[in-house]
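Dear colleague,

Please find below the structure that I am handing over to you. My findings follow directly after it.

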Amino acid sequence: MQDDFFYREEYKKLKILQTSLRQYKTLYFYGAGLRSEELLQMQRDRFSFLQKPAAFLVTGKNNNSSVSQEQLDGIPIYCIDEITKFPENSAIVVVAMDIYHDEIRQKLSDITVPCPDIYYLTDAMEQLLTREFLKDYLPKYKLRAGFLPFAGRHSADADLYQDKIQTYSVMCEKDEKTLTHFPEVPWISNIQAGVAMAQKRIADIGDDTGENISALNPYYNELTGLYWVWKNTDHEFSGICHYRRRFESDIVLPPLLHDETDIILPLPFVVGHNLRTYYQHWGEAAYYDAMLQIIKEKYPAYHDTALWCASHPMFIPNNICIARRDILEEYCSFLFDVVFSVEDRMTAYKGNKQKRCWLSEHVSTIYFIYHMKDYRVLFSKIERCW
């Protein structure tokens, strides 16, 4: 199987972009968020797609954004309105997500100084670039995983997987609008999270029946749905997607049905510097340190992997997976024991308890990276509804 036509064309554009930008002496990146950090990290790991930018350009700065800084990795960040002149033989690469491209295109057309050549790195191109980086990165650390093709809508005969595979799309009442974005898929059932406190029902299945932690949803987000799946279902293959993210199509099914894989995971992110630093974009260091200590005490076999993750940039996001039942059981037992133990240990901590929910993705990353040596892992692109 290979990428569908759209992604093959985007890959060609990616290679053309890479070749085209070599002619310029000076590059500017438009955008100073996580994607810019990702590109810088790829350069640190000697995966040189683009030369280092002379500066980052942004539309504006605010106190609630990472772009409120004056620099990123020692490279200055400028509001586009601050620029009085661009040097000769320069170009701008818009690295922000697609949803911002129209706004940026308009902003660049409105500036009064002569603008250099402008290029756009699309979301699809960034995903392809990440996959190329990971194909180079994983073997360096003896991590084994494969990659499913990037595909559009793909359908499979329901008779092939009926009674074998059932996953759950976890959503809260605020996500009602996503019900019309994603098509109905027989092997994905919607489950509403946080039903114990919800004002409105949007799914037939709720996370408040059987053995559940529905009341903890404000602190644990999609994990209350995963907990319900763990405790109240017994499918041969199961797992979750959630809110605005799900596996892109039925292309994930054949490897599971034909015993070619044990786990399907989302394509990892490449974060800036390492996961400890990345966590502090959203959380507080004290929670991360407590997680490492608890793993050392309760799961010493995982501790070296936890330290490796803390110092490396590969991040498996969103707590999304489809796994063989015995693996799902082991994964959930590890995940919830660690996150609940962190909560118990941090009861007296005065920090923001909401930030503990973001820690769970790091626990998941540690679990899955540890088991790449003994489970067959495939990464799949995730479809997003923004």
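In this predicted model, the axes of helix 10 (residues 285–298) and helix 11 (residues 303–310) come within 8 Å of each other and cross at roughly 155°. Because angles over 145 degrees count as roughly antiparallel, helix 10 is roughly antiparallel to helix 11. Their crossing is left-handed. On the side of helix 10, the residues in contact are Tyr288, Leu292, Ile295 and Lys296; helix 11 contributes His303, Ala306, Leu307, Cys309 and Ala310. Sorted by class, this contact comprises seven nonpolar residues, one polar residue and one charged residue.

Helix 9 (residues 275–282) has Leu275, Tyr278 and Tyr279 as its buried residues. These lie on the same side of helix 9, because the arc they cover around the axis is only 105°. The partners against which the buried residues of helix 9 pack include both helix 10 and helix 11. The other elements they pack against are helix 2 (34–44), strand 14 (269–270), strand 15 (314–315) and helix 13 (359–370).

Asp73 is not a glycine, yet has a positive phi of about 55°. Asp73 is found in the loop between strand 3 (71–72) and strand 4 (75–79), and is partly exposed, with a relative accessible area of 40%. Lys142, likewise a residue other than glycine, has a positive phi near 55°. The loop between helix 4 (123–140) and strand 7 (146–147) holds Lys142, which is exposed at a relative accessible area of 77%.

Yours sincerely

Methods: Residues are numbered from 1 along each chain as its sequence is written. This is a predicted model: local features need pLDDT of at least 70, side-chain atom pairs count only at pLDDT 80 or more; totals for chains, interfaces and linings use all residues. Side-chain values use heavy atoms; hydrogens and water are left out. Axes are lines fitted to C-alpha atoms, for helices over the stretch in contact, and angles run from 0 to 180 degrees between N-to-C directions. Helices (H or I, at least four residues) and strands (E, at least two) are DSSP runs, numbered from the N terminus. Angles under 35 degrees count as roughly parallel, over 145 as roughly antiparallel, 65 to 115 as roughly perpendicular and the rest as oblique. A crossing is left-handed if the near helix is turned anticlockwise from the far one by less than a right angle, and right-handed if clockwise. Contact means heavy atoms within 4.5 Å. Ala, Val, Leu, Ile, Met, Phe, Trp, Tyr, Cys and Pro count as nonpolar, Asp, Glu, Lys and Arg as charged, and the others, Gly among them, as polar. Buried means under 20% relative accessible area, exposed over 50%, partly exposed in between (1.4 Å probe, protein chains only). The arc is that of the directions from the helix axis to the C-beta atoms.
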